[in-house]
Amino acid sequence: MPGPARTLAASRRATTRVKASRFIATAVPIHREEGARAVLDRVRAEFPDATHHCWASRLAARGDPIERSGDDGEPTGTAGAPILQVIRRAGLINVMLVVTRYFGGVKLGKGGLARAYRDAARSVLDEAPVVMPELLLDLEITVRIESDGEVRHLVARHRGRVDGARYDREGRAILVVILPEPALEGLREELDSLTRGAGSIRSLG
């Protein structure tokens, strides 16, 4: 049985072949569902002439992990579900795995397809370096508009990213920020110093 949930240390790719069909498995660490969609779009753009791009993702959540999968035209249950099963059995979260298929002219049957997609997913996860996932916080930072640029640099220095922004009639910038939990206190202290206590941080979680 897998131990505590882990995530990939880095993106990986592996290629397998089954009866003339080629399967290209791409596994990428992600943090949000938007990241999963971005990975799928990237792979589709990289292999635009492929027959199928089947996928599964598994994301950490407060309760059970959020799991998604897609068969992209393959018979229902023969692609996305087997890929997801491999991710589960590896004990991974915060990962998107896309298996791209180039059909080679020989039909595999439902059982053969499920095995092929499962084996492709295993091939990219076998011996993959893993790490314990970092908890990410969804925050809202409010500062004067004049401090907008400096605060964005501050967020980046603390390994966070600005995911959205809006500006109100009172001259304030409201930034939506994704930040690793261990960086929160350091960011809070530097924000207070930068804004002389005028900036605020609010959790959106």
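Mentor: Let us begin with helix H1, in which Ala36, Val39, Leu40 and Val43 are buried. They cover an arc of only 95 degrees around the axis, which puts them on the same side of H1; the arc is that of the directions from the helix axis to the C-beta atoms. This is a predicted model, in which local features need pLDDT of at least 70, side-chain atom pairs count only at pLDDT 80 or more, and totals for chains, interfaces and linings use all residues. Residues are numbered from 1 along each chain as its sequence is written, and side-chain values use heavy atoms, with hydrogens and water left out.

Trainee: Why is H1 called a helix, and how does its span agree with expectation?

Mentor: Helices are DSSP runs of H or I with at least four residues, strands are runs of E with at least two, and both are numbered from the N terminus. The expected span of a helix is 1.5 Å times one less than its number of residues. For the 14 residues of H1 that gives 20 Å, and the end C-alpha atoms are 20 Å apart, so the two agree.

Trainee: Against what do the buried residues of H1 pack?

Mentor: They pack against E2, E3, E4 and E6, where contact means heavy atoms within 4.5 Å.

Trainee: What makes these strands a sheet, and in which order do they stand?

Mentor: Two strands pair if DSSP finds at least two bridges between them. Eight bridges join strand E3 (residues 21-29) to strand E6 (residues 95-102), and Ala27 has Leu97 in E6 as its bridge partner. The open sheet has five strands in the order E2-E3-E6-E4-E5, with antiparallel pairing. Strands E2 (12-18) and E5 (66-70) are its edges, each pairing on one side only.

Trainee: How is the direction of helix H3 described?

Mentor: Helix H3 (residues 109-125) lies across E2, E3, E4 and E6 and runs at about 130 degrees to E6. Axes are lines fitted to C-alpha atoms, for helices over the stretch in contact, and angles run from 0 to 180 degrees between N-to-C directions.

Trainee: Which strands form the four-stranded sheet, and why are some of them called edges?

Mentor: The order is E9-E10-E8-E11, with antiparallel pairing. Strand E9 (161-167) and E11 each have a single partner strand, so one side of each is left without a neighbour in the sheet. Nine bridges join E8 to E10.

Trainee: How do you know that the buried residues of H5 line one face?

Mentor: Leu184, Leu187, Leu191 and Thr195 are the buried residues of H5. Seen down the axis of H5, they fall within an arc of 60 degrees, so they line one face of the helix. Glu189 and Ser193 are exposed on the other side of H5.

Trainee: How does the radius of gyration of the protein chain stand against that of a compact globule?

Mentor: The radius is taken over C-alpha atoms, and the globule rule is 2.2 Å times the number of residues to the power 0.38. A compact globule of 205 residues would have a radius near 17 Å, but the protein chain has 21 Å. Its C-alpha trace spans about 70 × 35 × 25 Å along the principal axes.

Conventions:
Buried means under 20% relative accessible area, exposed over 50%, partly exposed in between (1.4 Å probe, protein chains only).
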